[in-house]
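Morning, everyone. I'll take a few minutes on charged side chains. Here is the model.

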Amino acid sequence: GAWLADQRAYYARALRFVEACERAAGVEGFAPHELAGEIRAFASDSARFVQSQASLEAIGDGHGANYLRTAKALALLGLRSFAIMADPILPETCGKMREALGVANDPAQALVFSSPRQAPQRTALPTFPHLEAVMRP
């Protein structure tokens, strides 16, 4: 497909997001505050990306349609990544997102990127108190 520079940058950002979340949620580098910060930053970056790609809707057919297809695929990748990586702190919300996206219910099994590098073996994220349970009325 056709990729614009900002689309390549967003894809790289999504990969960095996953790596940062895995590090922050891992046993050796467990840092819930870093995980929450990375999730918040990625949500903001994703919203900006989607807004920046909105003008591609007007391009229509031809080569521009390839850029639009790439933008839509990347937006879905961002949603999927968020739904998997934010699960430790937003399990109910992320579960609904994964269900809507048709992603495996087990977040540890759901994340697969098509990239030239070999995907690392995924393990379940450590458990810590879920914010949603605390925030219920």
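What follows is a quick tour of the salt bridges. Keep in mind that this is a predicted model.

How many salt bridges does the structure hold? Five.

Start with R13 and E38. Their closest N and O atoms sit 2.6 Å apart. Buried or exposed? Both R13 and E38 are buried.

Next, D45 and R48. Their side chains form a salt bridge at 2.4 Å, N to O. Why are they about one helical turn apart? Because they are three residues apart in helix α2. D45 is partly exposed, at 22% relative accessible area. The cut-off for buried is under 20%, so D45 does not count as buried.

These two pairs belong together. R13, E38, D45 and R48 are linked in a network of salt bridges.

Now E57 and K72. Here the closest N and O atoms are 3.9 Å apart. The pair again links distant parts of the chain, 15 residues apart. E57 lies in the loop between α2 and α3, and K72 lies in helix α3, residues 63-85. The distance is within the 4 Å cut-off, so the pair counts as a salt bridge.

How accessible are these two residues? E57 has 51% relative accessibility, which makes it exposed, because the threshold is over 50%. K72 has 46%, so it is partly exposed.

That's my tour. Over to you.

Definitions and conventions
Residues are numbered from 1 along each chain as its sequence is written. This is a predicted model: local features need pLDDT of at least 70, side-chain atom pairs count only at pLDDT 80 or more; totals for chains, interfaces and linings use all residues. Side-chain values use heavy atoms; hydrogens and water are left out. Buried means under 20% relative accessible area, exposed over 50%, partly exposed in between (1.4 Å probe, protein chains only). Helices (H or I, at least four residues) and strands (E, at least two) are DSSP runs, numbered from the N terminus.
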